[in-house]
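Subject: Structure handover

Hello,

Here is the structure I said I would pass on. My notes on what was found in it follow below.

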Amino acid sequence: MSGVHVSTTVNGDDAEFVCHPGESLLDVLRDRLGLTGAKEGCGTGDCGACSVTLDGQLVCSCLVLGAEAEGRKITTVEGLADGDKLHPLQQQFIDKAALQCGICTPGFLVAAKALLDENPSPTEEEIRFALAGNLCRCTGYDKIVRAVDAAAKDVKKQKARVKAKRK
Amino acid sequence: MRYEAPTTTKEAVSLIAKAKGKSFVLAGGTDLLVKLKSGAVEPDLIVDIKRIEATQSIKKTANGFRIGAAVPGVAMGKSSALKKSWPGVVEAANLIGSDQIQGRCTIVGNLCNASPAADSVPALVAAGAKAVVVGPKGRRTVAVEKIPTGPGKTSLAKGEIIEAITLPKRPAKTGDAYLRFIPRSEMDIAVVSAGVCLTLNGKGKVTKARVVLGAVAPTVVVVPEAAAAIIGTSLDDEALAAMAHACEKACKPIDDMRGTIEFRTDVAGVLARRAAGIAYQRAGGK
């Protein structure tokens, strides 16, 4: 089995690795790049715990080959915070206790971020549909939905502040 | 195992045609990677077709639309021109999986995976879609319903790949629709499904119809008898009942944990009726 050499961008940084042709991006992120935020739940694209974005598109990293990452831009949950400052989604997940065991949380955060990038003011129904690809066996989803709703408002406030400063 | 990501269809075809052992085409990977992981397939070669320009975009052409084989479901949902012309096809493609899956899954993959329950296939067949097949002997264009030959089996020869799906220009007063039954609100595999495409005349009478069923036989089923039952009518109750009856007669489903033969047969008629109603409205009928 010959290795595939891949140059890619992860959370804004250049990254290089050699992987097996059949190795998933999830395994590459966790085992070769040390980014253990994305979790393996099912390994078959049903649970969303391994969610990352690939060229801005939300995907399950268990259903992407590491070799496919050549020249692409990947964002994982590790890329969400701005240095020590948590992303409003992360802060609201803590404030609203939107997690218990935490295995699904990185996937929910990445999926919720993808939703807010696309739709800054989602309705509750839109949030629930957008997060349908992420399974949580602890919370019953309600707290997660409320945290995403609150974070959407925070992100909007943040953007308004930045805009006001520029003026 | 080898991984190749060629930049032309010709190169992809030649790689597969020359390969020893088992080779698989990788588009969205939402079926292939699951099979790879479970050990259901053990490829010697994986040919990723996403770097081929001809597979990457949705193009409006003189004859209609050309949807590249690597175009994910989400991109179809964002194409307002495609949605306006063939809403049934786009809705069917967008029903597949979560947002994560939509970011990857393709209608060509859905077709070549050859599941009898593939959501986009009945809608594509109803709309008269064709597959652009490229192989060692050149190109051919074939009706979508000729591709699947049974669960997991296609009519593609070794080295042949589908580069794109074409949809005709939507004729005047024409509408399409796709409906499926699943026991929950989303994220499930069709137990039964129906795609319908209708063309009306100025008086609101059906002049052309395509009625297509999914998940009730080893392959997608085109039901000309169901179409005949509504041609010349304004979808009155009698015509719809005759169409539903024709659909029931065309069903050869299996019994499994997701639905019994009796249930699937009955629901096929119900879904075809409802899809016909939506297609009729979309065609401008009242």
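**A sheet in chain B**

Chain B holds an open sheet of 3 strands in the order 1-3-2, with parallel pairing. The edges are taken by strand 1 (2-4) and strand 2 (23-26) of chain B; each has a single partner strand, so one side of each is left without a neighbour in the sheet. On average, neighbouring strands of this sheet are turned by 20° against each other, direction ignored. Please keep in mind throughout that this is a predicted model.

Strand 1 of chain B pairs with strand 3 (residues 45-48) of chain B in the parallel sense, over 3 bridges. Within strand 3 of chain B, the residue opposite B:Arg2 is B:Leu45. Helix 1 (residues 9-18) of chain B lies across strand 1, strand 2 and strand 3 of chain B, and runs at about 170° to strand 3 of chain B.

**Two domains of chain B**

Where the two meet, 25 residues of domain 1 of chain B are in contact with 24 residues of domain 2 of chain B. On the domain 1 side, the elements that give two or more residues are helix 5 (87-94), helix 8 (120-126) and strand 8 (148-150) of chain B. By type, the residues of that side of domain 1 are 16 nonpolar, 6 polar and 3 charged.

**Nonpolar core**

The largest nonpolar core has 150 residues. Which of its members touch the most other members? They are B:Val196, B:Leu213, B:Met243, B:Cys247, B:Ala272 and B:Ala276. Leaving out residues up to four places away in sequence, B:Met243 touches B:Val211, B:Ala226, B:Ala229, B:Ile230, B:Ala272, B:Arg273 and B:Ala276. Two of these, B:Ala272 and B:Ala276, are also on the list of core residues that touch the most other members.

**Contact between the chains**

Chain A gives 24 residues to the contact and chain B gives 20 residues. On the side of chain A that touches chain B, the largest share, 4 residues, comes from strand 4 (residues 57-60) of chain A. The residues of this side of chain A divide into 13 nonpolar, 10 polar and 1 charged.

Regards

Note on methods: Residues are numbered from 1 along each chain as its sequence is written. Chains are lettered from A and ligands numbered from 1 in the order in which they are written. This is a predicted model: local features need pLDDT of at least 70, side-chain atom pairs count only at pLDDT 80 or more; totals for chains, interfaces and linings use all residues. Two residues are in contact if their C-beta atoms, placed from the backbone, lie within 7 Å. Ala, Val, Leu, Ile, Met, Phe, Trp, Tyr, Cys and Pro count as nonpolar, Asp, Glu, Lys and Arg as charged, and the others, Gly among them, as polar. A nonpolar core is a set of buried Ala, Val, Leu, Ile, Met, Phe, Trp, Tyr and Cys residues joined through C-beta atoms within 7 Å. A residue is buried if 20 or more other C-beta atoms lie within 10 Å of its own, exposed if 12 or fewer, and partly exposed in between; C-beta atoms are placed from the backbone. Two strands pair if DSSP finds at least two bridges between them. Axes are lines fitted to C-alpha atoms, for helices over the stretch in contact, and angles run from 0 to 180 degrees between N-to-C directions.
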